[in-house]
Amino acid sequence: MSKQLFSTIVLFSILCFHDIHGFWWSNDGTTKRSTINWRRRWSSHRPVNESDLLGIIGGELSEQGEWPFMASIQYNGHIHFCGGTVWNQQQILTAAHCAFYENQTLIPLDKIQVYLGHIDLMTIIPDYVFKISSFKTHEKYNAVTHENDIGVITLKGKIDFANRHKGVKCTCMPKRGRVIPKYCFVIGWGKTKYGMSYQLREVRVPLRIKDYCIKHYPFFDQNKMACAGYDEGKKDGCQGDSGGPLMCAINTGPFIYIQYGIVSWGLGCAQPNSPGYYTKVSGFSAWIKKNTGC
């Protein structure tokens, strides 16, 4: 795609959508069932149905306890629509766009719950289900350019790591050390090539250099974004993986996996020459500390 054509598409998108700013809101409304639409990747507006809900393209099943910080963000108590990671005893790190309906209005808090500690979404254990009290999105989040696609959910209760919620752990924050580009994994319950998967899945994708990322997205900001994927496609995150982590190994002797990114957007899923784009966690360390205290 030429830069001129890309700019035309972006301009058209700007005319059709308002910029979205951050909110910290609470809700006391009543719970009602309604149809929900989701935009996980570039101009991917579609109604949620069973084939879209749950997956990783070209990946494999994860094992229980392998990624103990994973969170399933659910709508109306049973529909998984985004991922997240446990940041501390009461907060979940995720993508800002997970706070909005397809029409860019905020989802009421009483329609969102978070499920922790288990890889199988077919069997929900009530002790690991949390209602939420707030969903803070970045003040400069832009739904058109995908800039600042980061958010923090605050749970109504606290996670009891030692006893009641044993097995749940916090995500590994960025640390000193060189990231090994070929050892990165996207993790989530998003859409698979074959449809639905209620089991947590993972797929290995290589980080790409700045020039490659800019070639496919001229507005790429290497300080706040990352991109990953294979030239031939075939392996990627997809609808429902948004907000989940991009975990990368760092060279500190034994491999340690840190949360390098947050699944944000992409052109389709696992398409050739179409990498996935991620919010770079280290680029928002000050914002995260301000809104989580750590």
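Residues are numbered from 1 along each chain as its sequence is written, and side-chain values use heavy atoms, with hydrogens and water left out. Because the model is predicted, local features need pLDDT of at least 70 and side-chain atom pairs count only at pLDDT 80 or more, whereas totals for chains, interfaces and linings use all residues.

The secondary structure of the chain comprises four helices and 15 strands, where helices (H or I, at least four residues) and strands (E, at least two) are DSSP runs numbered from the N terminus. Of its 294 residues, 54% count as buried, a term that denotes under 20% relative accessible area, with exposed meaning over 50% and partly exposed the range in between (1.4 Å probe, protein chains only). The accessible surface of the chain amounts to about 13500 Å², and carbon and sulfur atoms account for 54% of that surface; such areas come from the Shrake-Rupley method with a 1.4 Å probe, and for residues only the protein chains shown count as cover.

Seven strands form an open sheet with antiparallel pairing, in the order 3-11-10-13-14-15-12. The edges of this sheet are strand 3 (60-61) and strand 12, each of which pairs on one side only; two strands are taken to pair if DSSP finds at least two bridges between them. Within the sheet, strand 10 and strand 11 (residues 201-204) are joined in the antiparallel sense over four bridges, and Phe185 stands opposite Arg204 of strand 11.

In helix 4 (residues 285-292), the buried residues are Trp287, Ile288, Asn291 and Thr292. They cover an arc of only 110 degrees around the axis, so they lie on the same side of helix 4, the arc being that of the directions from the helix axis to the C-beta atoms. These buried residues pack against strand 6 (91-94), strand 8 and strand 9, with contact defined as heavy atoms within 4.5 Å. The face of helix 4 turned away from the buried side carries the exposed residues Ala286, Lys289 and Lys290. Helix 4 is followed by Gly293, which has a positive phi near 85 degrees.

A search of the whole structure finds two salt bridges, each a side-chain nitrogen of Lys or Arg within 4 Å of a carboxyl oxygen of Asp or Glu. In one of them, the side chains of Asp127 and Arg164 meet at 2.9 Å, N to O. Asp127 lies in the loop between strand 7 (112-116) and strand 8 (129-137), and Arg164 in the loop between strand 9 (151-155) and strand 10 (179-188), so the pair ties together parts that are 37 residues apart in sequence. Asp127 is partly exposed, at 38% relative accessible area. The salt bridge between the side chains of Glu139 and Lys136 has an N to O distance of 2.4 Å; here Glu139 is partly exposed at 30%, while Lys136 is buried at 10%.

Ser242, in the loop between strand 12 (225-228) and strand 13 (245-250), counts as buried at 1% relative accessibility. Its side chain makes a polar contact of 2.9 Å with the side chain of His97; a polar contact is a pair of N or O atoms within 3.5 Å, in which, within protein, one must be able to donate a hydrogen and the other to accept it, and residues adjacent in sequence count only if both atoms are side-chain atoms.
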